[in-house]
Amino acid sequence: AFNLFVILGHIAVIPTVYSSARMLDLSRWRALGASAFAVLIWYFDGLTHWCWYIGLISYDMVAYMGLFPIALLWSFLRRGGSYKLILMGLFLGILHMVHPYVFLGAAIPMFAMYAMHFRQMRRVDHLRVLLGGVLVVILNLWWLATAIRFWHYVGDSGVLGQGSISLLLSDFFGLISDTTVTGVIGNRTGFRNAALIVGALGILMWRGRKDPRSMPFAVSLLAMIALAYLGGYVWIARQIQPYRHVLPAMFLALIPATDFLFEAF
């Protein structure tokens with residue numbers, strides 16, 4: 001079962017990213033392109049590869065699987081369908097059991113999407129979204145209760161994965177500057193840089209076309225990049241190894257990046 005869990009992390013990249021991209025309003029071919037881009041990041045980005053190589057497969061998995069509940073919420077807000085919120089709650093609840101750090105990677109874009117649609121939503125829709133969040137908490141009460149009970153043992157754990165401004169430069173050129181952050185294998189960042197830079201261009205393209213996806217994606221990517229590279233300077237952010245959050249940022253950036261690349265082609 002443990003080995004199959006690891007295999008699942010590798011083979012689920014394409015179906016997860018493809019289905020998420022479709023719900024985030026990409027055409028079939030563009031969703032397939034986003035899936036191909038995700039495979040390149042999964043196997044060749046230095047941090048992604050380093051994480052599953054040393055056994056952090058659970059965090060790697062939620063970094064891209066977090067796209068699915070984000071896409072479900074977006075699809076509900078744009079097209080309705082209460083079953084999507086049930087699926088969102090169940091899937092997000094399971095992902096929190098796989099790794100609780102999925103919270104920020106998924107919560108930031110989901111809150112941005114919810115805030116953008118807040119005034120147009122009916123009261124019953126607000127209630128449905130709330131119940132979806134409650135479902136996530138209920139599914140995770142079994143370990144949350146224990147974590148709260150023994151919280152005083154956690155202490156200061158801000159050691160590994162501490163981002164800094166200097167890492168922006170070393171990551172851009174694919175250099176290793178701190179092995180406690182990037183690991184000891186080659187810090188390959190070519191596909192990461194492409195996803196983030198072209199993703200930013202895609203968001204600008206969306207904004208020029210008044211595409212509603214531009215605001216939540218822009219807010220989410222800026223927040224996660226800031227957390228990844230500035231989180232090491234804030235005590236509370238240090239406790240969650242903030243540099244890790246460059247991973248969900250990469251996978252989220254694939255959506256606007258692929259849309260831009262297809263338009264350019």
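View 1. At least two lining residues come from each of α7 (82–98), α8 (102–117), α9 (123–139), α10 (141–149) and α15 (235–238). This is a predicted model, in which local features need pLDDT of at least 70 and side-chain atom pairs pLDDT 80 or more, while totals for chains, interfaces and linings use all residues. Residues are numbered from 1 along each chain as its sequence is written, and side-chain values use heavy atoms, without hydrogens and water. Helices are DSSP runs of H or I with at least four residues, numbered from the N terminus. A pocket is an open set of points on a 1 Å grid over the protein atoms alone, where a 1.4 Å probe fits, with protein on both sides within 12 Å along at least five of seven lines; lining residues have an atom within 4 Å of a point.

**View 2. Meet the residues around the largest pocket.** The space here is about 1,100 Å³, a volume being what is filled by probe spheres set on the points. Among the 35 lining residues, His96, Pro100, Phe103, Leu104 and Ala107 are the closest to the centre. Helix α9 gives the most, 8 residues.

**View 3. The second largest pocket has a volume of about 340 Å³.** Its 14 lining residues include Leu168, Leu196, Ile197, Ala200 and Ile225, the closest to its centre. Helix α13 brings the largest share, 6 residues.

**View 4. Here is Phe217 with its contacts.** Beyond neighbours within four places in sequence, Phe217 touches Leu24, Met113, Ile203, Trp206, Leu252, Ile255 and Pro256, contact meaning heavy atoms within 4.5 Å.
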